[in-house]
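Please work through the exercises below with the sequence and the 3D structure at hand, and try each task before reading its solution.

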Amino acid sequence: MTSWHRYLGYAGLIPFIVLSLASLADIQHAHFVLLSYAALIFSFLGGILWGCSLQLRLAPHVSLVSISCMLWAWLWLLMPGYDWLIPAALSFVLLWLYEWFLLKQRVNRDFLKLRGQLSLVAAFSLLLSSL
């Protein structure tokens, strides 16, 4: 993994941080925009997992989890009356744990370490916004 990947990963956290602060400042629609961005990123993570399942020839449940990530994130947007911030935060952490135990022997540890850092900041931002 290159430092370019690391920089891009950290740059992807900017909307999480800015939107969670905007949500705390009670800026109109910040809550929904943050959840929308979280759904987009969670779907992206499902896509990364899908690619890993193809490249590494992982068990079929990995493909199922990757597609479930996308459908789960879509549900966050389909039911705006429910406060999805805490379930979304937990989803980021649980997906990372799943990937860690599934992939720790098969992919670069730096990738999983970066994924953990990014997921924890995303989860913390979502939890912060739920206050």
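This is a predicted model: local features need pLDDT of at least 70, side-chain atom pairs count only at pLDDT 80 or more; totals for chains, interfaces and linings use all residues.

Residues are numbered from 1 along each chain as its sequence is written, and side-chain values use heavy atoms, with hydrogens and water left out.

**Exercise 1.** Determine where Phe111 is found and which residues it is in contact with, leaving aside neighbours within four places in sequence.

Solution. Begin with the helix: Phe111 belongs to H6, residues 109-129, where a helix is a DSSP run of H or I with at least four residues, numbered from the N terminus. Next, take contact to mean heavy atoms within 4.5 Å; apart from neighbours within four places, Phe111 then touches Met1 and Ile48.

**Exercise 2.** Check whether the span of H5 agrees with its number of residues.

Solution. The expected span of a helix is 1.5 Å times one less than its number of residues. For the 19 residues of H5 (residues 85-103) this gives 27 Å, and because the end C-alpha atoms are 27 Å apart, the two values agree.

**Exercise 3.** Find which residues of H5 are buried and what they pack against.

Solution. With buried meaning under 20% relative accessible area (1.4 Å probe, protein chains only), the buried residues of H5 include Leu85, Phe92, Trp96 and Leu103. The buried residues of H5 pack against H2 (14-24), H3, H4 (60-78) and H6.

How values were computed:
Helices (H or I, at least four residues) and strands (E, at least two) are DSSP runs, numbered from the N terminus. Buried means under 20% relative accessible area, exposed over 50%, partly exposed in between (1.4 Å probe, protein chains only).
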